[in-house]
Amino acid sequence: MCSSDLPKREMRDTGCTDIAVRKGSDVLIAHTNDEGPGEGSELIPVEVDGLPKLIIAFTGGRPSIAVNSAGIVFSGNQVDPTDVRPGVPRVLLYVEALWSRSIDEAAKLLLHPDRSSSYHNLLADEHGSVVGYEASAKKAIVLTPHNGLLIHSNHYVGIPEVEGREGKW
């Protein structure tokens, strides 16, 4: 069955995939949003004095991917873990991290110890560094490219015990 055969309601929230390909210092990042018919993404430039300029793709009213003028590319996907707790919402940490000037600076925000949850974040920079942070509220692992390739989809690979949508994928 192809996606066009599914009713619109079944196409929502079916997941997304992030792919990073690195050869030397060249990096290609690809992100899918698995949008249903009639949905769409919009690119929005954001400028705040004293901070790196941003271009953010919003999908369904939420930030999805972004690039900033400091040379950082942000991608990632959402999985709902079972260890969600009261704390800083993941979307706030993600948006704050968009103004980071390095991957390390972004990681400190994205993996804030008081986070309520986390996205799976895939980051790259203009020097060819690529890293993924598969995280939940209490756990996180670092993913790096293998043979120049890093792929992450909407499920927990490194910490599967926290996945909240068991059997859905």
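**Exercise 1.** Which residue in β5 is the bridge partner of Ala57?

*Solution.* The model is a predicted one, in which local features need pLDDT of at least 70, side-chain atom pairs count only at pLDDT 80 or more, and totals for chains, interfaces and linings use all residues. Residues are numbered from 1 along each chain as its sequence is written, and side-chain values use heavy atoms, with hydrogens and water left out.

Step 1. Helices (H or I, at least four residues) and strands (E, at least two) are DSSP runs, numbered from the N terminus. Two strands pair if DSSP finds at least two bridges between them.

Step 2. Strand β5 comprises residues 62-68 and pairs with β4 in the antiparallel sense over six bridges. The bridge partner of Ala57 in β5 is Ile65.

**Exercise 2.** What is the strand order of the open sheet of seven strands, and which strands stand at the edges?

*Solution.* Step 1. The order is β3-β4-β5-β6-β7-β8-β9, with antiparallel pairing. β3 and β9 stand at the edges with a single partner strand each, so one side of each has no neighbour in the sheet. From one strand to the next, the twist averages 20 degrees; for such angles, axes are lines fitted to C-alpha atoms, for helices over the stretch in contact, and values run from 0 to 180 degrees between N-to-C directions.

Step 1. Within this sheet, β5 and strand β6 (residues 72-77) pair over two bridges. Val67 has Val73 as its bridge partner in β6.

Step 2. Strand β9 (residues 140-143) pairs with β8 over four bridges, and the hairpin of β8 and β9 has four residues between them. Gly132 stands opposite Leu143.

**Exercise 3.** Which strands form the edges of the open sheet of three strands?

*Solution.* Step 1. The order in this sheet is β2-β1-β10, with antiparallel pairing. The edge strands are β2 (26-31) and β10 (149-153), each of which pairs on one side only.

Step 1. Strand β1 (residues 17-23) and β2 share six bridges. Asp18 has His31 in β2 as its bridge partner.

**Exercise 4.** How are α2 and α3 oriented to each other, roughly parallel or roughly antiparallel?

*Solution.* The axes of helix α2 (residues 90-97) and helix α3 (residues 103-110) come within 8 Å and cross at roughly 160 degrees. The two helices are therefore roughly antiparallel (an angle over 145 degrees).

**Exercise 5.** What volume does the largest cavity have, and which residues line it?

*Solution.* Step 1. On a 1 Å grid over the protein atoms alone, a cavity is a set of points where a 1.4 Å probe fits but cannot get out, and lining residues have an atom within 4 Å of a point. A volume is the space filled by probe spheres set on the points.

Step 1. There is one cavity of 30 Å³ or more. The largest cavity has a volume of about 50 Å³.

Step 2. Its lining consists of Gly76, His120, Asn121, Leu122, Gly132, Tyr133, Glu134, Leu143, Leu150 and His152. The elements giving two or more residues to this lining are β7 (120-125), β8 (130-135) and β10.

Conventions: 1 Å grid on protein atoms, 1.4 Å probe; cavity = no way out; pocket = protein on both sides within 12 Å on 5 of 7 lines; lining within 4 Å. Parallel < 35°, antiparallel > 145°, perpendicular 65-115°, else oblique.
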